[in-house]
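Biologist: I am new to this structure. Could you walk me through how to read it?

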Amino acid sequence: MLELFPSPTAGPFGRRLKRERGGRVPVTVVTGFLGAGKTTLVRYFLGLPEGAGTAVIINEFGETGIDNALLRSSSDNVALIGNGCLCCTVRSDLQVTLHRLVADRERGVIPHFARIVIETSGLADPSPILTTFATDRALGGEFHVQAVIAVIAAQNGVGTIQDFVEARRQVILADRIVISKSDIADEDAPARLTRTLRELNPRADIVEAVAGKLDPQWILAERTRAFSDGFIADCAIHTDDIASFTVIEDEPIAWDAFARAMETLIALRGSDLLRVKGFLNVAGCVGPVVVQFVQHLAHPPVELDRWPDFDRRSRVVFIARNLSERQVKDLFVAVRALTA
């Protein structure tokens with residue numbers, strides 16, 4: 001419609017603006033496939049002075065929100081997460097969540113926020129989010145989409161783009177792309193991935209970041225190029241053979257048994273492990289041990305100073321292809337018996 005009926009007052013989605021951008025809350029959408037490093041990037045930004053006064057909306061695919069727990073400091077629906085930031089879990093439609101945040105801010109129920117970061121599920125197509133802001137006039141009066149940032153891991157990025165339509169859509173719709181985890185990738189992996197990204201999205205600004213460390217001004221800057229006019233606006237469709245489940249252990253676990261079970265699983269089905277991430281209550285450790293695996297890549301385990309909530313159980317979310325919860329649990333039981 002913009003091409004047929006150009007207008008100097010039309011916004012990037014074809015809606016006329018009622019107020020200048022400076023009077024509206026900027027929204028940054030952080031997307032990227034499973035295990036790309038979205039939460040790491042968001043956590044780093046929130047820890048900077050520039051990240052103060054940010055409301056974070058998280059939408060995870062899976063029954064247990066590990067990323068959400070890493071960011072939040074309580075189990076409330078809206079919670080302070082440090083540095084004057086807020087965190088909210090999407091339990092309903094995005095429009096309802098955004099309207100509620102605005103209403104609560106106006107009534108003084110929650111602290112003032114100057115910007116919003118929406119961290120999408122790794123399996124999300126970002127287009128419905130963009131459609132929401134383009135079609136809801138009330139939201140358009142309060143918010144504007146400042147940037148869509150896609151995060152993609154250097155080592156597995158090319159293969160992920162080839163195998164998953166969700167990853168391709170995330171790259172195509174982004175106006176900024178972060179190549180992550182280059183420090184643990186092959187030397188030529190970032191260059192190969194960049195070439196693939198350029199083929200899919202020649203207009204995006206591409207940077208590399210290790211451990212989510214980016215210049216905050218790169219994140220906060222207003223975009224200079226509009227989204228492609230023909231962005232996909234239908235509902236997100238997840239790949240049919242992808243399933244999510246959570247393995248929970250009530251008692252402290254032995255690290256050796258867990259590590260050997262994961263080594264076996266990676267050897268047998270590594271390519272089907274889209275993301276494995278969670279907290280472990282490891283015997284002998286004071287805080288939780290955060291573990292993460294992406295396909296054949298095992299991230300070094302990290303022990304936190306304290307638990308992010310009152311739940312002290314080990315809980316690990318598996319997002320995998322053609323792999324059942326029963327298969328994983330049986331493997332854990334078998335390895336535990338062998339190492340006992």
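This is a predicted model: local features need pLDDT of at least 70, side-chain atom pairs count only at pLDDT 80 or more; totals for chains, interfaces and linings use all residues.

Biologist: Where is Asn-322 found?

Modeller: Asn-322 is in the loop between β14 (314–321) and α11. Look at its backbone too. Phi of Asn-322 is near 55°, a positive value in a residue other than glycine.

Biologist: Which loop holds Ala-211?

Modeller: The loop between β8 (205–209) and α9 (216–220) holds Ala-211. Ala-211 is not a glycine, yet its phi is positive, about 60°. Its relative accessibility is 48%, so Ala-211 counts as partly exposed.

Biologist: Is Asn-156 buried or exposed?

Modeller: The cut-off for buried is under 20% relative accessible area. Asn-156 has 19%, so Asn-156 is buried. Asn-156 sits in the loop between β6 and α6 (157–163).

Biologist: What does Asn-156 touch, not counting residues up to four places away in sequence?

Modeller: On that count, Asn-156 touches Val-294 and Gln-295. Asn-156 and Pro-190 are 34 residues apart along the chain, and their C-alpha atoms are separated by 10.0 Å.

Biologist: Now a helix residue. Where is the place of Arg-105?

Modeller: Arg-105 belongs to helix α3 (residues 94–106). With 13% relative accessibility, Arg-105 counts as buried. Leave aside its neighbours within four places in sequence, and Arg-105 contacts Val-25, Ile-110, Pro-111, His-112, Phe-113 and Glu-142.

Biologist: Let us step back to the chain. How many helices and strands does the secondary structure of the protein chain come to?

Modeller: The protein chain has 11 helices and 14 strands. Of its 340 residues, 52% are buried. Now take the contacts with a separation of 6 or more. Residues 24 or more positions apart account for 77% of them.

Biologist: How many residues has the largest nonpolar core?

Modeller: The largest nonpolar core has 35 residues. Ile-116, Phe-143, Ile-177 and Leu-197 have the most contacts inside this core. Strand β6 (residues 143–153) gives the largest share of the core, five residues.

Biologist: What is Leu-197 in contact with, leaving aside its neighbours within four places in sequence?

Modeller: Leu-197 then contacts Ile-152, Ile-161, Val-171, Ile-177, Ile-179, Pro-202 and Ile-206. There is also a second, separate core, with 23 residues. Ile-266, Leu-273, Val-328 and Leu-331 are included in that second core.

Biologist: How are two packed helices described?

Modeller: By the angle between their axes and the distance between the axes. Here, take helix α10 (residues 255–269) and helix α11 (residues 325–339). They pack at an angle of about 130°, and their axes are 9 Å apart. α10 and α11 are therefore oblique to each other. The crossing of α10 past α11 is right-handed.

Biologist: Which residues make the contact?

Modeller: From α10, the contact uses Ala-257, Phe-258, Arg-260, Ala-261, Met-262, Thr-264, Leu-265 and Arg-269. From α11 come Gln-327, Val-328, Leu-331, Phe-332, Val-335, Arg-336 and Thr-339.

Biologist: What is the make-up of the contact of α10 with α11 by class?

Modeller: Nine residues in this contact are nonpolar, three are polar and three are charged. Look again at α11 in the picture. Val-328 and Leu-331 take part in this helix contact, and the second core includes Val-328 and Leu-331.

Note on methods. Residues are numbered from 1 along each chain as its sequence is written. Side-chain values use heavy atoms; hydrogens and water are left out. Helices (H or I, at least four residues) and strands (E, at least two) are DSSP runs, numbered from the N terminus. Buried means under 20% relative accessible area, exposed over 50%, partly exposed in between (1.4 Å probe, protein chains only). Contact means heavy atoms within 4.5 Å. A nonpolar core is a set of buried Ala, Val, Leu, Ile, Met, Phe, Trp, Tyr and Cys residues joined through side-chain atoms within 4.5 Å. Axes are lines fitted to C-alpha atoms, for helices over the stretch in contact, and angles run from 0 to 180 degrees between N-to-C directions. Angles under 35 degrees count as roughly parallel, over 145 as roughly antiparallel, 65 to 115 as roughly perpendicular and the rest as oblique. A crossing is left-handed if the near helix is turned anticlockwise from the far one by less than a right angle, and right-handed if clockwise. Ala, Val, Leu, Ile, Met, Phe, Trp, Tyr, Cys and Pro count as nonpolar, Asp, Glu, Lys and Arg as charged, and the others, Gly among them, as polar.
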